[in-house]
Amino acid sequence: MSKPLGYFDLKEALAKRGCPVCRLEFRAADSAIDSLLWESVNDVETRHRLNAARGFCRTHAEQLVRNGAALGVSIMMRDVVHTVAEILAAGEFQPSPGLAVRKKLPGFNHGGSPATDVLVKTLSPQAECPICTAQHAAGTRYLQTLTENFTGADSLADEYRRSDGLCLPHFRRALGFVTDAETFRALAEAQLHIWRQLTDQLDEFIRKNDYRFQREKMGREGDAWQRALAAISGGSKWI
Ligand SMILES: [Zn+2]
Ligand SMILES: [Zn+2]
């Protein structure tokens, strides 16, 4: 029987370290950046969206720094910088009655001023970072494939159990795709197994840091602290 889209990508990613969907999302973002740079720099709709998004999110801006990107990025960012400059040039300070009094009250100013509210809102993203959109869509496809293939023939459950598992943010998203009790039980059991194993390794790492046991050699628990950060927060730094 033919396998659904992404099944083999998942199988491959489950054999590697870190959250498989973080890894695959990173790859999807990477190809979205490539196609943006090589195919869409002069596409009017793409440029319009990027301006509306007020540029890329921080993560993807950093990911855009790559060989051959300079000209494409210059063309796209020239538009965005021009857009925000125009907004600021047209922006106005809008004093409201009572503002001066409230400003003097201790603890009033938490960084939100009604006088600059409109400008702040206009300078804020009006659309999602286009690479985030592509990345999220890829993540959704993979999480759907994972949950739809967690039980039955050629289930991914065994590979999952042996892997680092999904990070917590992706596990929460995966739960949103679970529609039957059998998948829920299998996924929850595998995830619990992974988290309990990680807890044991953290315990072991902490124990070996006790001066009484410091001569004991570090094993797999040596990098458990980094794997715990990855397991709870996700992200591409760990893959
Ligand atoms: Zn993840
Ligand atoms: Zn982004």
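This is a predicted model: local features need pLDDT of at least 70, side-chain atom pairs count only at pLDDT 80 or more; totals for chains, interfaces and linings use all residues.
**Entry 1: a buried pair**

Glu221 sits in the loop between helix 11 and helix 12 (224–233) while Lys208 belongs to helix 11, so the pair ties together parts that are 13 residues apart in sequence.

**Entry 2: the partners of Lys208**

Which other residue did I find in a salt bridge with Lys208? It is Glu204, and here the closest N and O atoms are 3.7 Å apart. Both Lys208 and Glu204 lie in helix 11 (residues 181–208), where they are four residues apart, about one turn of the helix. The general rule I noted for this is that an α-helix has 3.6 residues a turn, so residues three or four places apart point the same way. Glu204, at 25% relative accessibility, counts as partly exposed. Stepping back, I saw that Glu204, Arg207, Lys208, Glu216 and Glu221 are linked in a network of salt bridges. For the whole model I noted a count of 18 salt bridges.

**Entry 3: the zinc ion**

Next I looked up which protein atoms are the donors of the zinc ion (ligand 2), and I listed Cys57 (SG), His60 (ND1), Cys129 (SG) and Cys132 (SG), lying 2.0 to 2.4 Å from it. Why do I call the arrangement tetrahedral? I do so because the four donor atoms subtend angles of 98 to 116° around the zinc ion. In sequence, the spacing of the donor residues reads C-x2-H-x68-C-x2-C. Cys57, in the loop between helix 3 (44–52) and helix 4 (58–63), and Cys129, in the loop between helix 7 (117–123) and helix 8 (130–148), are 72 residues apart, and this pair links distant parts of the chain. Cys57 counts as partly exposed at 23% relative accessibility, whereas Cys129 counts as buried at 8%.

**Entry 4: helix 3**

Finally I turned to helix 3, in which I found Thr46, Arg47, Leu50, Asn51 and Ala52 buried. Among the elements that cover these buried residues are helix 2 (20–40), helix 5 (70–90) and helix 8. Just after helix 3, I noted that Arg54 takes a positive phi of about 55°.

Conventions:
Residues are numbered from 1 along each chain as its sequence is written. Chains are lettered from A and ligands numbered from 1 in the order in which they are written. Side-chain values use heavy atoms; hydrogens and water are left out. Donors are N, O and S atoms within 2.8 Å of the metal (3.2 Å for Na, K and Ca); water is not among the atoms, so sites may look incomplete. Four donors count as tetrahedral if all angles lie between 85 and 135 degrees; four count as square planar and six as octahedral if opposite donors are over 155 degrees apart and all others between 65 and 115; anything else is irregular. Helices (H or I, at least four residues) and strands (E, at least two) are DSSP runs, numbered from the N terminus. Buried means under 20% relative accessible area, exposed over 50%, partly exposed in between (1.4 Å probe, protein chains only). Contact means heavy atoms within 4.5 Å. A salt bridge is a side-chain nitrogen of Lys or Arg within 4 Å of a carboxyl oxygen of Asp or Glu.
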